[in-house]
Amino acid sequence: MTWAGVYFFLALLSVTCTVCAMVQARKLRWFVAPYFLAAWLSGELALIHLIWQLALTALLAFAGGFSDPLAQSGLGLFTLSWLGLVYLHCQAMDTPQTLGASLCRALGEDYRARLPLERQHLLADHITARHWLQPFRFKRQGVRKHSHISYGDAGKRNLLDIYHPHEPRPGGFPVLLQVHGGAWMIGKKEEQALPLIYHMAQRGWLCVAINYRLSPKDAFPAHIIDVKKAIAWIRENISNYGGNPDFIAVTGGSAGGHLSSLAALTPNRQEWQPGFEQVDTSLQAAVPFCGVYDFLDRFDTRTKMSMEKMLADKVMQCTLGDHRELWEAASPLEHVSPDAPPMFVIQGTHDSLVWVEEARIFVSALQSVSRKPVAYAELPGAQHAFDIFHSVRTDHTVNAVGHFLEYSHARWLEH
């Protein structure tokens, strides 16, 4: 293949990926995985894609490659891609308006003023290009990591990492527990939410990221038992690392969004605390991302993209018809109550794996009964798992989550 042919192929691939990021595609069936990957990487790394595409075009122009009609056609396709990428970048830059409005609706217009003065100056409102231009550079100054600490008897699947601030904090560090996603079947504690973890650890929070048992080797409720086991371990041991065991917030994305919200809504459920029934597993705040909130899909939101067969075969390892009560118990929507802790639910409008309608139903139910604040941010253009690495959208979202957690901790201290 000639250089002009390579250029045309890359142009075609680029414009296809850009279009995937811009459209809200549904009912893709077997095409959902490649569509998701194309949309996810193009949407979150829009400006980075624009830079390499412009550089490639400049290189070909310098080499005199545009005398070939195929290269000229490629330039036309790349031009369309550039216009789309600029749009996607601008859309991501608008994220703080959506997040700010959601926090003000839930917490009040003056929520920042209600924080202690010494914490207000730690709230971040802006992002820096050096972070999102290096999307996979996570480490930050002032944070120490303790790796592979055992919290249970399931070997590697019951290990946790602690991200420890260097400077002590009066009263101990509030704790943020991170539960990874991966369809309940894959994933590791080191792979997700690192932008949020390092951001909070830099600001005086102690962050704990856990592994938990996975399907199909282990069926539900093994996953939630391990999350609660980790909460119990934190309650009993985190003071040794300077953490405050009385304030634990939880977060997670995708399957982690499901498990974090389920843990927040089912404190001290004894059948999910075998051998540690008397330990307090209540949580003081929750921030689920892109979660699955209703295994029964009782409002038919997934239509022809149902998860029921996958859940029955791999995760629950029983059918809905045979064990409906277990499927109900696994659904956060089933446990919505006035006693729910403060929650900040975050969802992308363009999520192709967990549709936005599911989050809307869950939040509506929660807001109708909860006595604590329920914030909901629906991010325009955001795909599933957008928060895994640094991007314009991720870093703005991390800032907003920091605001919510600081507010929740401040209100907790008042009581």
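User: Are H3 and H4 roughly parallel or roughly antiparallel to each other?

Analyst: This is a predicted model in which local features need pLDDT of at least 70 and side-chain atom pairs count only at pLDDT 80 or more, while totals for chains, interfaces and linings use all residues. Residues are numbered from 1 along each chain as its sequence is written, and side-chain values use heavy atoms, with hydrogens and water left out. Helix H3 (residues 46–62) and helix H4 (residues 69–93) pack with their axes 9 Å apart at an angle of about 155°, where angles run from 0 to 180 degrees between N-to-C directions and the axes are lines fitted to C-alpha atoms over the stretch in contact. Since angles over 145 degrees count as roughly antiparallel and those under 35 as roughly parallel, H3 and H4 are therefore roughly antiparallel.

User: Is strand S4 largely enclosed or open, and why?

Analyst: On one side of S4 lie Leu 206, Val 208 and Ile 210, on the other Cys 207 and Ala 209, and all are buried, meaning under 20% relative accessible area with a 1.4 Å probe and protein chains only. Because five of the five residues of S4 (residues 206–210) are buried, the strand is largely enclosed by the rest of the structure.

User: Which residue of S4 is the bridge partner of Tyr 163?

Analyst: Strand S2 (residues 159–165) runs antiparallel to S4 and is joined to S4 by four bridges, where pairing requires that DSSP finds at least two bridges between the strands. Leu 176 also stands opposite a residue of S4, namely Cys 207, and the bridge partner of Tyr 163 in S4 is Cys 207.

Conventions
Buried means under 20% relative accessible area, exposed over 50%, partly exposed in between (1.4 Å probe, protein chains only). Helices (H or I, at least four residues) and strands (E, at least two) are DSSP runs, numbered from the N terminus. Angles under 35 degrees count as roughly parallel, over 145 as roughly antiparallel, 65 to 115 as roughly perpendicular and the rest as oblique.
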